[in-house]
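The sequence and the model are shown first, and the description follows.

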Amino acid sequence: MSRFNRRTPAPAPAASGAPHSPVRSTEQVAATALGAVGRPRDARSELFLLAVSNFVTQRTFHEDAGRRDDRYAALVRELAVEDPCWTAGLLGWLRGEGNMRTAALVGAAEYVRARLDAPGAPSAVAEGPSNRQVIDSVLRRADEPGELLAYWTAVHGRNVPKPVKRGVADAVRRLYSASSLLKYDTATKGFRFGDVLNLVHAVPDPAKPWQGELFRYALDRRHHPESAVLPEGARTLAAHQALMELPVAERRAVVTGPGGAERLAAAGMTWEALAGWLQGPLDAAVWEAVIPSMGTMALLRNLRNFDGAGVGDEVAAGVAERISDPEAVARSRQFPFRFLAAYRHAPSLRWAHPLERALGHSLAAVPALPGRTLVLVDRSGSMWSPLSDRSQLNRADAAAVFGTALALRAADADLVEFGTSSAPVPYAAGESVLRVLERFGDLGGTNTTEAVRRHYAGHDRVLIVTDEQAARHRAGGPTEQVPAEVPVYTWNLAGYQVGHGPSGSGNRHVFGGLTDAAFRMVTLLEAGRDARWPWEA
C-alpha cells in the first residue's frame, strides 16, 4: 500500500497579476507559536526552510501533519508558476545534497500539477525547466518512480499526464537493473516495476542492450510470475533464483559454508530478505556471511543485532572500519543524527569510536569559524517532538549535534543551551561530540531573547540552532539584542511559517536543514561573498 493518502489538492496559484506574490513583505509583524513578535517569511524562504526540515506526513510540536503538508504543496505550486527556475533548482538540490527524498518527490509532482493547471498554460507560466526534466531530476533510486506515481494517483487521480510519464520513463532507463529489481521490486510496494512500466511505457536505453529483456521479465514477474523466464545472461537473477529454489534444510549450510558470502553477494541477497529465506534467525555465522555485501546504512541499523548474535571481533573490526570511512560516509548520505541514533542503540563500546569518526565525517561542511562565537542550542519542549514516526530522535538531538560541532570547530566558542533558563555547556578542545551531547538537558520554554541577552558579550557572531518559536520578551526579539554590525545566523530545524527575526537583510540570516549541506552559506557570508541559495553557490 502507498503511504500517501488521498487529500484535497493544494489550491492552484493565482493568475499572473493577481494581488498575491511570492515576494512577500517581511516588514509585516506576525506572532510565533508562543506569542512573541515574529517575522513572516517571503515565499522562497518559507518553502526552503520547510522543505529541508519536512519529513512528509509527519507532525511537529506546533503544526499537525496535514496542515504542514498542505502548506508545503501550496508553496511549491505558487512558486512553480511564478519562479519555476528557482523552484526546479530547489527540488533537484533537495533530492541531492539536501537528502530529503519524499519532500522532493512530492514537490516535483506538485510543481508539474501547478504548471499544468495554471490559467492559459503553458503560455501563462514563466519559462523554466520542462516538467519532464523536473520529474526526472528528483528520481535517484529505483523505487522512486513507483513512489512518485503512488503519490500522484493518490492525490491527483489515475490520469497521469504525459510530462510525468515521460519524466518517470527517463528515470526508469537510468535506474532499472537486475540488482535494483531484486532489492526494490517486492510485494510490499504499491507500484511494482511492472506497474510502472505498464503505465509509462519506458523504452529501453540503447546503451544497455540487456534492458529490454529485463523490462519484459519485470512485467512477467508482476503479472505472470508462474511462467516468468529469466533474461538470458542475467547472472545475478539466475544466482538469486538458484538460492530461492534450494530446499529450506540446505540453505543455512550454503550460506555459512565456504564461499557463502560470495554466493549471497552474487545473488543480490539483502539482509532483509535473508531471515525469511532461511526461515530462521540470523546467528553470528549468517551475519558474518552477509555483512560484506551490506551498505553503510544497513550496517548502522544492525550494530545492536551484530552484538546480540555474537559477531566476532575480526568481522566487527571490518564493520567499524567501513562505517567510519569518509568516502563511505559521503556515499551513504546519512543524516548526522543517524550516527547518534546508532551510538545510543548499540550496546557495545566497540562501536563508539568509529561512530564518533563517522559523525565527524557527516559534518564536514560545518565551518571552522575564527574569532569569538556564541552558539545557542534550543532545548525547549517543542524541540523534543520526534523527527519522524520512524525515529526515536528529535530536533533537540539534531540541534545539539550541530551546535556542538560548531563550537568544537570554532577558534573560540561559548556553547550555551537554552529553554526557560539557559546555561553554558562545558567542553574541551578535541573532545568527542558524542561525549559533549551527554551534558545537554531539557529546559522547558523558549526564552531565546533572554538567553541572547544573558550570554552575548561582544562576540564576533551569534549562531542560534532552534525552531524559532520564541516566547514573548519585553526587550523584543532575539536578534534585536545583538548590535546590527554583528552577524546573527539562525539554523532552523522545523520550518514553521513565522520566524523569530528578519532574514536576508543586513547581518541577519536564516538557514536550515537536517544535514550540514547549507552550512557553507555561513562560510561564504563570512568571506563577504553573496551567499544566495545552496544550489546557486
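In this predicted model, 70% of the contacts in the protein chain between residues at least 6 apart in sequence join residues at least 24 apart. The secondary structure of the chain comprises 25 helices and nine strands. Of its 537 residues, 55% are buried. The chain exposes about 22600 Å², and carbon and sulfur atoms supply 52% of that area.

| Pair | Angle | Axes | Crossing |
|---|---|---|---|
| H6 and H7 | roughly 160 degrees | within 10 Å | left-handed |
| H3 and H5 | about 20 degrees | 8 Å apart | left-handed |
| H1 and H3 | about 15 degrees | 11 Å apart | right-handed |

Helix H6 covers residues 144-156 and helix H7 covers residues 162-175. Their axes cross at roughly 160 degrees, and an angle over 145 degrees counts as roughly antiparallel, so H6 and H7 are roughly antiparallel to each other. On the H6 side, the residues that meet H7 are Pro145, Leu148, Leu149 and Trp152. Their partners in H7 are Val164, Val168, Ala171, Val172 and Leu175. By class, this contact of H6 with H7 has nine nonpolar residues, with no polar and no charged ones.

Helix H3 takes part in both of the other pairs. Helix H3 spans residues 84-95, while helix H5 spans residues 131-138. The angle of about 20 degrees between H3 and H5 makes the two helices roughly parallel. From H3, the contact draws on Ala88, Leu91, Gly92 and Arg95. From H5, Val134, Ser137 and Val138 contribute. The residues of the contact of H3 with H5 divide into four nonpolar, two polar and one charged.

The other pair joins H3 to helix H1, which runs over residues 43-51. With an angle of about 15 degrees between them, H1 and H3 are likewise roughly parallel to each other. Arg44, Leu47, Phe48 and Ala51 of H1 meet Trp86, Leu90, Trp93 and Leu94 of H3. By class, the residues in the contact of H1 with H3 are seven nonpolar, no polar and one charged.

**Two individual residues**

Beyond its neighbours within four places in sequence, alanine 267 is in contact with Leu182, Thr236, Ala239, His240 and Leu243. Alanine 267 also lies 6.6 Å from leucine 237, C-alpha to C-alpha, although 30 residues separate the two in sequence.

Neighbours within four places in sequence aside, histidine 455 has contacts with Leu374, Val416, Ser422, Ala423 and Pro424.

Key: Residues are numbered from 1 along each chain as its sequence is written. This is a predicted model: local features need pLDDT of at least 70, side-chain atom pairs count only at pLDDT 80 or more; totals for chains, interfaces and linings use all residues. Side-chain values use heavy atoms; hydrogens and water are left out. Helices (H or I, at least four residues) and strands (E, at least two) are DSSP runs, numbered from the N terminus. Buried means under 20% relative accessible area, exposed over 50%, partly exposed in between (1.4 Å probe, protein chains only). Contact means heavy atoms within 4.5 Å. Accessible areas come from the Shrake-Rupley method with a 1.4 Å probe; for residues, only the protein chains shown count as cover. Axes are lines fitted to C-alpha atoms, for helices over the stretch in contact, and angles run from 0 to 180 degrees between N-to-C directions. Angles under 35 degrees count as roughly parallel, over 145 as roughly antiparallel, 65 to 115 as roughly perpendicular and the rest as oblique. A crossing is left-handed if the near helix is turned anticlockwise from the far one by less than a right angle, and right-handed if clockwise. Ala, Val, Leu, Ile, Met, Phe, Trp, Tyr, Cys and Pro count as nonpolar, Asp, Glu, Lys and Arg as charged, and the others, Gly among them, as polar.
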